[in-house]
Amino acid sequence: MESTPMKNLQQTKSTTNKMATERQPLLSQAEPPAETTPAVMPPRPDVRTSPESALVDVHSESSVVEETIEGDSKESLYDSTMYDPWSNRKLEHPTSNLDTLIHLLKGNIGTGILAMPDAFKNAGLYVGLFGTLLMGAICTHCMHILVRCSHELCRRLQIPSLGFSEVCCAAFVTGPFGLRRYAQLVRIIINIFLCITQLGFCCVYFLFVALNLQEVIARYYVKVDVRVYLVLILIPMIALNMVRNLKYLTPVSLLAAVLTVSGLTITFYYVLQDLPPSSSVHGFSTWAQLPLYFGTAIYAFEGIGIVLPLENNMGTPEDLGGATGVLNTGMVIVACLYTAVGFFGYLKYGDAVSGSITLDLPNTMLAQSVRIVMAVAIFFSYGLQFYVPVNVIGPWVKSHFQSEQHKMYADHLFRIALVFFTSIIPNLGGVISLVGAMSSSMLALIFPPLIEIVTFWPTDLGRYYWILWKDLAIMIFGICGFFFGTYTTIIPNLGGVISLVGAMSSSMLALIFPPLIEIVTFWPTDLGRYYWILWKDLAIMIFGICGFFFGTYTSLWQLLNQHTDA
């Protein structure tokens, strides 16, 4: 008979007694043996990283969840009354409430805040004002939902902590029978959207640095196409992202935070001078532009991915929630900052506002220093955003190689290719709206209420199922933003969409895979004299690969650059 995979229960000599002892703490109906006291379950190992890497670690509890899923019967996971995940967390360096608040502010305040005036342009002054505050309230509520579900699922599975994707996976595992088969699928989907979101952040960071360098150098020397600056900063960006240990990025990250605060202070100094009357701008823009506002605003509030890592590393995690808790305090500050920058930035510069407000500052020495300071800050912040897709996709890439040397080369090439990919995006406002509408809406507005419904179905959804109706309303709001925001960003340029599909999909199916299949099929004896079939197929594949990369680059440039002229 196979032994159970549960590792945290005490073993006995008899196989029968062993199985009984293992199942006993989890079965609410069972009674303890008359002669012995029920064994106290030791906590599962708290396999999480240090607080320095907490903000970007997405694999914190994968192995533990998989062991629990495979080893425990699903019915045994519901007796959660005797387990407290907070008391079972063994943290070597727990973070204080102040540390958590600073990390929360740092994780939410990035390039998104500089794009808020452009978001207000697409919504109108007053619609943007109340819409941003409402968006902040909804996103904060979804963060609370995620933390509440995480705590409940940790009790059910009897493990100290869970990450974002593991919470969704655990919710489906312990949820309705019909959904349990999709547990691993939803975890993969969330990791995919996490990668898309973080790569979108990287694209924005890359372009932000290039645009600000272009503006400063054009002021004193000559104006050069932004693509030249994208190429120039490609090499130092690749060098920065060859750093594998996040501890080495901690001083750089601290410097970036100081520079960001300094840049925002000087920006407010210019924006608040000589403000025109509110009648000089639109109170409401147009319905056609409103989805672009949604994409930019939800992009700015995309901090839900850091909430669980912060809560998992707090010394007093119970202080995160509550009306005056750390989460509400931090998000009120974030929402007020976003609203202030968007409101006054749009009021100051009107419909001529750029995708980043730093590009609209006057041509003075102090204003030029803001552009340089913010560009340097965002450059140093790139590594933290880049770590997430590398941490998710990198192990899968290296799993295809055997020797350590080959794995190292594969990791280097993968990092270089990923940095290069993030350097080909041409328009700041377009990519912010696209990433916000596609990925951020899924992570911030759709998955959290879905997780809550599945976790507490069907008995704990409130009187008259008010929690269910509330969650469905949030999900419908997120789904509408997802589709309309994506449509408004991409579809108007139908020719660009056709070119993108042709470059990405058709070139792979028509020019790359057929010769590759022929080589593999007839290797190595039936490839003709002097291997002429091999050389012919390689030439076709190289032609297809070139078309794939250059066609994709050109199509993305056309798709996203349309918003510059709008």
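Author: Gladly! A disulfide here is a pair of cysteine sulfur atoms within 2.5 Å. This is a predicted model, and a search of the whole structure finds zero disulfides by that cut-off. Take Cys149: the nearest cysteine sulfur belongs to Cys168 and is 9.8 Å away, so Cys149 is in no disulfide, given the 2.5 Å limit. Cys149 is also buried, its relative accessible area being 0%. Cys546, by contrast, has a relative accessible area of 36% and is partly exposed.

Now to the helix pair that I would look at closely. Helix H6 spans residues 125-157 and packs with helix H14, residues 326-349. Their axes lie 10 Å apart, at an angle of about 160°. Because angles over 145 degrees count as roughly antiparallel, H6 is roughly antiparallel to H14. The crossing of H6 past H14 is right-handed.

Which residues make the contact? On the H6 side they are Leu125, Leu129, Thr132, Leu133, Thr140, Met143 and His144. H14 meets them with Leu327, Asn328, Met331, Tyr338, Thr339, Phe343, Tyr346 and Leu347. Sorted by class, this contact of H6 with H14 comprises ten nonpolar and five polar residues, with no charged ones.

One more residue is worth a visit: Thr100, in helix H3 (residues 97-108). Thr100 counts as buried because its relative accessibility is 1%, and buried means under 20%. Leaving aside residues up to four places away in sequence, Thr100 touches Thr95, Leu310, Met314, Leu320 and Val326.

Definitions and conventions
Residues numbered from 1 in each chain as written. Predicted model: local features only at pLDDT ≥ 70, side-chain atom pairs only at ≥ 80, totals over all residues. Heavy atoms only, no water. Axes fitted to C-alpha atoms, helices over the stretch in contact; angles between N-to-C directions. Helix = DSSP H or I, 4+ residues; strand = E, 2+ residues; numbered from the N terminus. Parallel < 35°, antiparallel > 145°, perpendicular 65-115°, else oblique. Left-handed = near helix turned anticlockwise from the far one by under 90°. Contact = heavy atoms within 4.5 Å. Nonpolar A, V, L, I, M, F, W, Y, C, P; charged D, E, K, R; others polar. Buried < 20%, exposed > 50% of the residue type's maximum accessible area, 1.4 Å probe, protein only.
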